[in-house]
Amino acid sequence: MYLRPSLFVALMVVVMPVGSAVAQSDAQAACTLVARSDTGEILVEEGDCDRRATPASTFKLPLAVIGFDTRVLTSPEAPAVDFDPNKHVAWIENWKATTTPRTWLRDSVVWYSWEVTRPLGLDGIETYLERFNYGNRDMSGTAGENNGITHAWLSSSLAISPREQIAFLSKLMMRSLPVKVASQELAIEATASYEFDDDRIAKGKTGNGFARGTDGAVMRDRQVGWFIGWTNDWPKGENVAEDTPLVFARLILDGGPTEGYASVRARDSLLADLPRYLDTTN
């Protein structure tokens, strides 16, 4: 079956269950950043962390903040929207279900993102992205397709660097984004949790898409994979408040055809590497 590039890109945001961890060298990470959320101090920096890429489904995290702030979303469990095959796209089985903000973030349900973006409109979203200083803030979408409201973040116009992801996450952790504190706390609560190092917990968001060539064409053999998030389970020194999280971002830019989703490789490899990073924070 042939899929239009825009649909194929959207399909690639699928988040697979946590599998066996992948070593960082195998994951081909273009950048890894770990930072203190309170001071912004970079504790780990590997690779080119200023290069922008499509945010893919990591955009759901700022979109959740926006949704809660505008009351399009009202709690981690509401609104619960039933799947409608006549209205919604579903390329994987678990999207064919009633979806809440929590399951939307966990399962990267594309059609639920559109339930959030369409009521807000491009102007509404762009206003928030300017306030957040989020990446290049370009919601125009693919040239000539008038699809910004549904596809700007899916290997299209919107782009962000790992360093900019860290800046956004740090503000979110400090509840210092220019929105209501409650909106930020609801987005944090709704974000999926992952166990690492047997008993430690991180929360975060994956994203999977494609790079684009200099001619703007989607390169389907060049995956882009993200895992961004935070953890409070790290050894804190005497000058660090107990409730201070570390924030992290890992970006994978595949140089050619690569097995498996880049987002899964980013997530699993970062979770495997976190204990080593955290042990060197003091």
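Modeller: Before we start, an axis is a line fitted to C-alpha atoms, for helices over the stretch in contact, and angles run from 0 to 180 degrees between N-to-C directions. This is a predicted model, in which local features need pLDDT of at least 70, side-chain atom pairs count only at pLDDT 80 or more, and totals for chains, interfaces and linings use all residues. Residues are numbered from 1 along each chain as its sequence is written, and side-chain values use heavy atoms, with hydrogens and water left out.

Colleague: OK, so how many helices and strands does the chain have?

Modeller: There are 9 helices and 6 strands, where helices (H or I, at least four residues) and strands (E, at least two) are DSSP runs numbered from the N terminus.

Colleague: And at what angle do α3 and α8 pack?

Modeller: The angle between α3 and α8 is about 135°, and their axes are 8 Å apart. That makes α3 oblique to α8, since angles under 35 degrees count as roughly parallel, over 145 as roughly antiparallel, 65 to 115 as roughly perpendicular and the rest as oblique.

Colleague: Which residues make that contact?

Modeller: From α3 they are L61, A64, V65, F68 and D69, and from α8 they are S183, Q184, L186 and A187, with contact meaning heavy atoms within 4.5 Å.

Colleague: What about α3 against α5, how far apart are the axes?

Modeller: The axes of α3 and α5 are 9 Å apart, at an angle of about 100°, and these two helices are therefore roughly perpendicular to each other.

Colleague: Switching topic, how many residues are in the largest nonpolar core?

Modeller: The largest core has 56 residues, and those with the most contacts inside it are F59, W104, F132, F168 and L172. A nonpolar core is a set of buried Ala, Val, Leu, Ile, Met, Phe, Trp, Tyr and Cys residues joined through side-chain atoms within 4.5 Å, and buried means under 20% relative accessible area, exposed over 50% and partly exposed in between (1.4 Å probe, protein chains only).

Colleague: Which element gives that core its largest share?

Modeller: That is α5, with 10 residues. A second, separate core of 19 residues includes F227, I252, A262 and Y277.

Colleague: Where does L169 lie, and is it buried or exposed?

Modeller: L169 lies in helix α7, and at 0% relative accessibility it counts as buried. Setting aside neighbours within four places in sequence, the contacts of L169 are L61, I228, G229, W230, V247 and F248. L169 and F248 are 79 residues apart in sequence, yet 8.3 Å apart in space, C-alpha to C-alpha.

Colleague: Now the backbone: which peptide bond is cis?

Modeller: The bond from A78 to P79 is cis, with omega near 5°, and P79 sits in the loop between α3 and α4. Most residues other than glycine have a negative phi, and most peptide bonds are trans.

Colleague: What is the phi of N133, and what is it for N146?

Modeller: N133, although not a glycine, has a positive phi of about 55°, and N146 has a positive phi near 50°. N133 lies in the loop between α5 and α6, and N146 is found in the loop between α5 and α6 as well. With a relative accessible area of 49%, N133 is partly exposed, whereas N146 is exposed at 75%.
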